[in-house]
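Me: I would like to go through a model with you, one residue or element at a time. Please keep the answers plain and state the cut-offs.

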Amino acid sequence: MSNSGRSRVKKDRFYSPPAMRRYHQQQQQQQQQEEEEEEAMKLEEKKEELECLMSDTSVSMTNLDRFMKHTTPIVTAQHFPKTSLKGWRKDEDDFHPYFLLGDLWESFKEWSAYGVGVPLVLNEQDSVVQYYAPSLSAIQLYVDPSAPTMSVRRPGEDSDYESSRATSSDGSYEAGEAVVHGSRATKNIDSIAKSFNKLMIGDDFVGCDSDEGEIRNPPGLLIFEYFERTSPFQRPPLANTISDLETKFPELKTYRSCELTQSSWLSVAWYPIYRIPVGPSLQSVDTSFLTFHSLSTPLRSTDADWVHPNGSTAREVHEAQMPCRLSLPIFGLAVYKFKNSDWMKDGVHGNEKINSLVNSADNWLRKMDVHHPDYIFFKNH
C-alpha cells in the first residue's frame, strides 16, 4: 500500500459519520436541558419555601409562636408489625406509633447544614425570615432496667463506661461532657410492654407541681448523657455532634422512643445566623433560645394516665398523601437577649406564656437534679 493510502486510513480512523455527530449533539443538548430544568426546579422550590415562610405571618400568632412552630422536630412515625405483637392481638390498635432516635437526628441534618427559617414580623410591618442554627445542648436517656431481656451494665462493671468531664464553677463554657453508662441487648416487645405499663404511671414523677426545691428520683436507669460546654461560636452543628457521639454509643441512633422512660429528654440551642431579606433599615434579631423536648412516647393507649410536664409528648401529624409523622413539641424554654416587644404581643397573656415555658424548663432541671451549662449561662445573662 502506498504512503498516501496509509495516511488516509490514519485520518479516517476517528471519522464520525454525520448521523453519529447529530446523535451526540442531541444527547449533549438533552443532558444540558435536563440539568437546566433540574436547577430551575430547585430554585422554584426554594422560592416557594421562602414565600410560604413569608406568608406564615398570621396576626393571631406571635413571633414566639412562629419560632416554636418552625423549630419543632417532625419525625417519621414507626409502627410495630402485627407479627411482633404476639400475645397482644386483642389490643393491637392500642399501641401508639413511636420513632427511632436515628430518624430524629436525620430530621436535623438539613437544619444543621443551612439553618431553619423562622418567619418574623418586625415593627408590625417588616416581614423577614430569620435563620437559626441548631446545636446539641444536652441529652439524657433513661430506660427501664426491670425488663427481663434488657441487659444494662452499671458504671464500673465493664470497660465500656466512658466519661469525659470538664466542669466550671462559674458556669462559663469549657469542653463538652459525654457519659456512657451502659449498653443494651436485644429486647422483645412483650417484656417492654409489660414493664412500661408499670413504669409510666408512677405517681412519683407525674406533673410539675412539687414543693419548691424538692428533688425526686426520675424513673428508669440513666444509660447515656451529654452536656455541651463549648462556646456557641466554637461548637459544631447538632448533626455533627451526634455523629461523633454515635462512635462511642451506637445505640444513640437505634433506640426507640417507646423504650425510653419519661425521664429522657433533649435540649437544643438555637443561635441566629442570617436573615432574608437583609438591609440596614431592618431591625436585627439576636435572640437565642434553648428548647426542651421529651424523647419518650407512651407505648399503649392504656398509658393514657402518663403525662409529661405541660402535657407534652410526641403528637401525630397527618397530612394529605404523607405518611404518619410525630412532632416533638417544646415543653420548656430558656432565652438569651429576649425582648418582649419583639416576640410577644402586648398584654398579660403573652407574658404568662413565656414565663410558663421558662418555669417549666427550670422545674424540669431541678427535678432531674442536673447541672445544665447552657441553661445556667442563659439564666445568668
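Me: Leaving aside neighbours within four places in sequence, which residues is S267 in contact with?

Reply: This is a predicted model, in which local features need pLDDT of at least 70, side-chain atom pairs count only at pLDDT 80 or more, and totals for chains, interfaces and linings use all residues. Residues are numbered from 1 along each chain as its sequence is written, and side-chain values use heavy atoms, with hydrogens and water left out. With those neighbours set aside, S267 is in contact with S135, L136, S137, A138, L290, T291, F292 and H372; contact means heavy atoms within 4.5 Å.

Me: Where is S267, and is the residue buried or exposed?

Reply: S267 belongs to strand β7, residues 265–276. Strands are DSSP runs (E, at least two residues), as helices are (H or I, at least four), and both are numbered from the N terminus. S267 is buried, because its relative accessible area is 0%. Buried means under 20% relative accessible area, exposed over 50%, and partly exposed in between, with a 1.4 Å probe and protein chains only.

Me: Which side chain is joined to that of S267 by a polar contact?

Reply: That of H372, at 3.3 Å. A polar contact is a pair of N or O atoms within 3.5 Å; within protein, one must be able to donate a hydrogen and the other to accept it, and residues adjacent in sequence count only if both atoms are side-chain atoms.

Me: Turning to Q140, which strand is that residue in?

Reply: Q140 is in strand β3, residues 126–143. Q140 counts as buried because its relative accessibility is 2%.

Me: Which side chains does the side chain of Q140 make polar contacts with?

Reply: The side chain of Q140 makes one with the side chain of E225 at 2.8 Å, and one with that of W265 at 2.9 Å.

Me: What separates the C-alpha atoms of Q140 and S263?

Reply: They are 7.8 Å apart, although the two residues are 123 residues apart along the chain. S263 is among the contacts of Q140 beyond four places in sequence, as are M368 and V370.

Me: New topic: why is helix α3 called largely enclosed?

Reply: Seven of the eight residues of α3 (residues 63–70) are buried, so the rest of the structure largely encloses the helix. The buried ones are N63, L64, D65, R66, F67, M68 and H70.
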